[in-house]
Amino acid sequence: MTCDRLVCANCAGPVSEGRCAVCRAHRERLHRESPFASLSPAALFALLLALLTVALVAQRMATA
């Protein structure tokens, strides 16, 4: 998840702007998480589809 669309409950501002300490802390926590946390569901689905395709090709190459 990205902080672009998140709204802070403390100051009611966008978290991406970091107006208050709560915004800044949450923004830093989001940026420290794994790189896959910022991927959209469509990108995760595409990655999964690519991995399945590679596995299928590898299996067919092993049995041929």
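Guide: Here is a walk around the cysteines and their neighbours, followed by a look at the rest of the chain.

The model is predicted, so local features need pLDDT of at least 70 and side-chain atom pairs count only at pLDDT 80 or more, while totals for chains, interfaces and linings use all residues. Residues are numbered from 1 along each chain as its sequence is written, and side-chain values use heavy atoms, with hydrogens and water left out.

Let's start at Cys-8, which sits in the segment before H1; helices here are DSSP runs of H or I with at least four residues, strands are runs of E with at least two, and both are numbered from the N terminus. Cys-8 is buried, because its relative accessible area is 6% (buried means under 20%, exposed over 50%, and partly exposed in between, with a 1.4 Å probe and protein chains only). If we set aside neighbours within four places in sequence, Cys-8 is in contact with Gly-13, Val-15, Cys-20, Val-22 and Cys-23, where contact means heavy atoms within 4.5 Å.

A disulfide is a covalent bond between the sulfur atoms of two cysteines. The rule used is a pair of cysteine sulfur atoms within 2.5 Å, and a search of the whole structure finds zero disulfides. Cys-11 has its closest cysteine sulfur in Cys-23, and the 3.6 Å between them is too far for a bond. Cys-20 also has its closest cysteine sulfur in Cys-23, again at 3.6 Å and too far for a bond. As for cover, Cys-20 is buried because its relative accessibility is 12%, whereas Cys-11, at 28%, is partly exposed.

Now for some residues around these cysteines. Ala-12 lies in the segment before helix H1 (21-32), and its phi is near 65 degrees, a positive value in a residue other than glycine. Ala-12 counts as exposed because its relative accessible area is 60%. Val-15, one of the contacts of Cys-8, has its C-alpha 9.3 Å from that of Ala-25, ten residues away along the chain. Ala-25 itself belongs to helix H1 and is partly exposed at 48%.

Side chains of opposite charge can pair when their charged atoms come close. Here Glu-17 and Arg-19 meet in a salt bridge at 2.8 Å, N to O; the rule asks for a side-chain nitrogen of Lys or Arg within 4 Å of a carboxyl oxygen of Asp or Glu. The count by this rule is one salt bridge. Glu-17 is partly exposed at 46%, and Arg-19 is exposed at 52%.

Stepping back, the protein has two helices and zero strands. Leu-47 lies in helix H2 (residues 41-63) and is partly exposed at 36%. Together with Leu-39, Leu-44 and Leu-51, Leu-47 forms a nonpolar surface patch of about 320 Å² of accessible area. Patches take residues with over 30% relative accessible area and no salt bridge, joining like charges within 9 Å and nonpolar side chains (Val, Leu, Ile, Met, Phe, Trp, Tyr) within 5 Å.

For the whole protein, 12% of the 64 residues count as buried. The accessible surface is about 5,100 Å², with 65% of it belonging to carbon and sulfur atoms; areas come from the Shrake-Rupley method with a 1.4 Å probe, and for residues only the protein chains shown count as cover.
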